[in-house]
Number of protein chains: 2
Amino acid sequence: MAQVDEARVARVLERLEAGHPGSQLLVTDPWSIFYLTGFYAEMFERFSGVLLRAGARPVIFDNALYPIDAYDNADVVVFNDTDDLASVLMDRIDPTAPLGIDASMRSGFLIPLQEREAASSFFLGSYAVADTRAHKDARERELMRQSSRINDAVMAELPALVHEGVTEHEIASQMLTLYRKHGAQGFSFPPIVSFGGNAANPHHEPDDTALATGQVALFDIGGQYEGYCSDMTRTFFWGEPDEESRRIYDIVRRANEAAETLVAPGVRFCDLDRAARRVIEDAGYGPYFTHRLGHSIGLQDHEPGDVSAVNEAVVEAGMTFSIEPGIYLPGRTGVRIEDLVLVTEDGCEILNSYTKEPCRIDR
Amino acid sequence: MAQVDEARVARVLERLEAGHPGSQLLVTDPWSIFYLTGFYAEMFERFSGVLLRAGARPVIFDNALYPIDAYDNADVVVFNDTDDLASVLMDRIDPTAPLGIDASMRSGFLIPLQEREAASSFFLGSYAVADTRAHKDARERELMRQSSRINDAVMAELPALVHEGVTEHEIASQMLTLYRKHGAQGFSFPPIVSFGGNAANPHHEPDDTALATGQVALFDIGGQYEGYCSDMTRTFFWGEPDEESRRIYDIVRRANEAAETLVAPGVRFCDLDRAARRVIEDAGYGPYFTHRLGHSIGLQDHEPGDVSAVNEAVVEAGMTFSIEPGIYLPGRTGVRIEDLVLVTEDGCEILNSYTKEPCRIDR
């Protein structure tokens, strides 16, 4: 028999009660469902959910297309594509209590519940799960470490794949095999491979651009290990770099290290962003660092919790997030250096150990 | 200057007015936005949208992270991650009119609009775009044909990649390169490669299973060409198949052809499902055909509009959908045969021409 993780459910309900006493919560994010129940299915346009309420058994709603085990400590309600979903849910939702809704739930599921007054009111309730997921427990910390160890090992294989004229796509298409070789189950996001001027676009997708002497080769890559994501960026030189690429590499590296040095319980996310951004601004490249410093990470590559100028929340033990400053010179070149960090009770562990020394990979 | 497609907007508004007179519509599905504006960005947890209303200029809401052209015939409102999104939207939404919401919009965007009474009421409005997208125009039909021609060409390359002991993952990892070689930009969905007993699970993901003599090799694959998706399944034999695999192949093929023969304007989707299902039921395998017969397809691999027992809607010219019966014998074997069809004014075109003859690929 499968088990809902009762300790995690209790922590979620404690946070829910603090914000919305007497309410119930419908969890629909597939990774939040996995976190609470061990059951994972990417539902695309279909529904799955877990209904939580203090003092009640959790109820798991499962589409019959996705076989699920029986649970010792939860009810499982199986429905079909041809069932009226709102009715299925309303059989278990308390119409006299407020209902917390997952921010990621499709409006196509919410609006029928509202039209039929399935609950006394509806509010955004996923903060209770997001806050819980943000604090990784001992087992999760070990999985995050292992996931980033794999990412280091994959990064270490990349220089040998590079040669004059290789295309971004040719490198990217070899990566899934590398992740699997090193024990990951898949990508945490599609790999970014950017050569030369393409590195100036932080969202560049690998294409048929061929590598030429004097260009940078930027790799922003991540795998997934037992559900937990890694995410790291390194920028290499192919041949002798021009003066400016070398200069911005040095600035970005110092920005990365300035922020990482500060990570510890009690510092604010916005102060980390500030520390890195100041290094880049002081060097005169402020306008070319066009994104937040980082993002929280765990079962998903992006989890709630930005490392940004507007997030005044305080860093706490068990949190994991990226530190990824960059400088982007449109049409010319770009550098980004990214590590994951894990906040510990008295400081932090940097989960990536792959070198940040400037590195020519053509020899 | 970029252009919103005014003919498409007019057709969407005509459908919206018919269902909800005097209302406005907030389109947030990224492919629906592409369909109307030519702008595409996968936003993940971020917002983008197009606000439509009869007699008013469309308004495109764009996150500054995703650069967008100026539009001749639409307003563009650019916002940042640090802006209050509900306020940005409420500057342009008419609070005295009902607001249609996309079924796929995140509740995290909807609930703040409701709490602040951004509109007089909220309803599910994406039917207006879905119905319009379902009727492919002449250019879209040609792109659907070309996308499936590419899929035929990729399928034709697969038998040569197969050898005794090859793993599902080894085949799947070569496919993106094949799609790009034949002119597609990427996958329409991650390829399904299932050997032997794995073919009994319609949702199997490629793993390290190695192919052995006497097994089936099932490939359910699709690419994307200028946004338009292909999707086809063929099931091959590696070595002499057992009697039952041969028998169910023949049944599934006849089911596929029974449905495809009927496709024309005026037939109901449920009747197509019935025609295929009856062939399988009459042969005694009804309980082993565990899913709907097919799904609509276009800019997304799955679009609203099932080919299923409960969809009594009538097929119309310009619609494109899959016909994909299967028989799944748990733990033993499975067969699925899938084509895409395009409904024409007087019948249909089957968009896949790759053979459906039973085929041994070990010689």
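I take buried to mean under 20% relative accessible area, with exposed over 50% and partly exposed in between (1.4 Å probe, protein chains only). I take helices (H or I, at least four residues) and strands (E, at least two) as DSSP runs, numbered from the N terminus.

**Entry 1: basis.** I worked on a predicted model, in which local features need pLDDT of at least 70 and side-chain atom pairs count only at pLDDT 80 or more, while totals for chains, interfaces and linings use all residues. Residues are numbered from 1 along each chain as its sequence is written, chains are lettered from A and ligands numbered from 1 in the order in which they are written, and side-chain values use heavy atoms, with hydrogens and water left out.

**Entry 2: helix H4 of chain A.** I looked up which residues of H4(A), residues 107-115, are buried. They are Ser107(A), Phe109(A), Leu110(A), Ile111(A), Leu113(A) and Gln114(A). Just after H4(A), I noted that Glu117(A) takes a positive phi of about 50°.

**Entry 3: the chain interface.** I then turned to chain B and chain A. Each gives 33 residues to the contact, where contact means heavy atoms within 4.5 Å. The area buried between the two chains is about 2,500 Å², and carbon and sulfur atoms give 53% of it; buried area is the accessible area (1.4 Å probe) that two parts lose on being put together, summed over both. In chain B, Ile111(B), His169(B) and Arg180(B) lose the most area to chain A, together 20% of what that side buries.

I found two salt bridges across this interface, a salt bridge being a side-chain nitrogen of Lys or Arg within 4 Å of a carboxyl oxygen of Asp or Glu. Arg180(A) forms a salt bridge with Asp208(B), with the closest N and O atoms 2.6 Å apart.

On the side of chain B that touches chain A, helix H4 (107-115), strand E6 (121-124) and helix H8 (175-181) each supply at least two residues. The largest share, seven residues, comes from H4(B).

**Entry 4: the domains of chain A.** The assignment, automatic or from a database, gives domain 1 (6-133) and domain 2 (135-361). Their centres, taken over C-alpha atoms, are 34 Å apart. Each domain gives 11 residues to the contact. Together they bury about 880 Å², 43% of it on carbon and sulfur atoms. In domain 1, Arg8(A), Trp31(A) and Arg133(A) lose the most area to domain 2, together 58% of what that side buries.

I counted three salt bridges between the domains. Arg8(A) forms a salt bridge with Glu140(A), the closest N and O atoms being 3.9 Å apart.

Entry 5: Strands E16(A) (326-329) and E17(A) (333-336) run antiparallel and are joined by four bridges; strands pair if DSSP finds at least two bridges between them. Ile327(A) has Val335(A) as its bridge partner. Gly326(A) and Tyr328(A) point one way from E16(A), Ile327(A) and Leu329(A) the other way, and all are buried. The hairpin has three residues between its strands, and Gly331(A) takes a positive phi near 75°.
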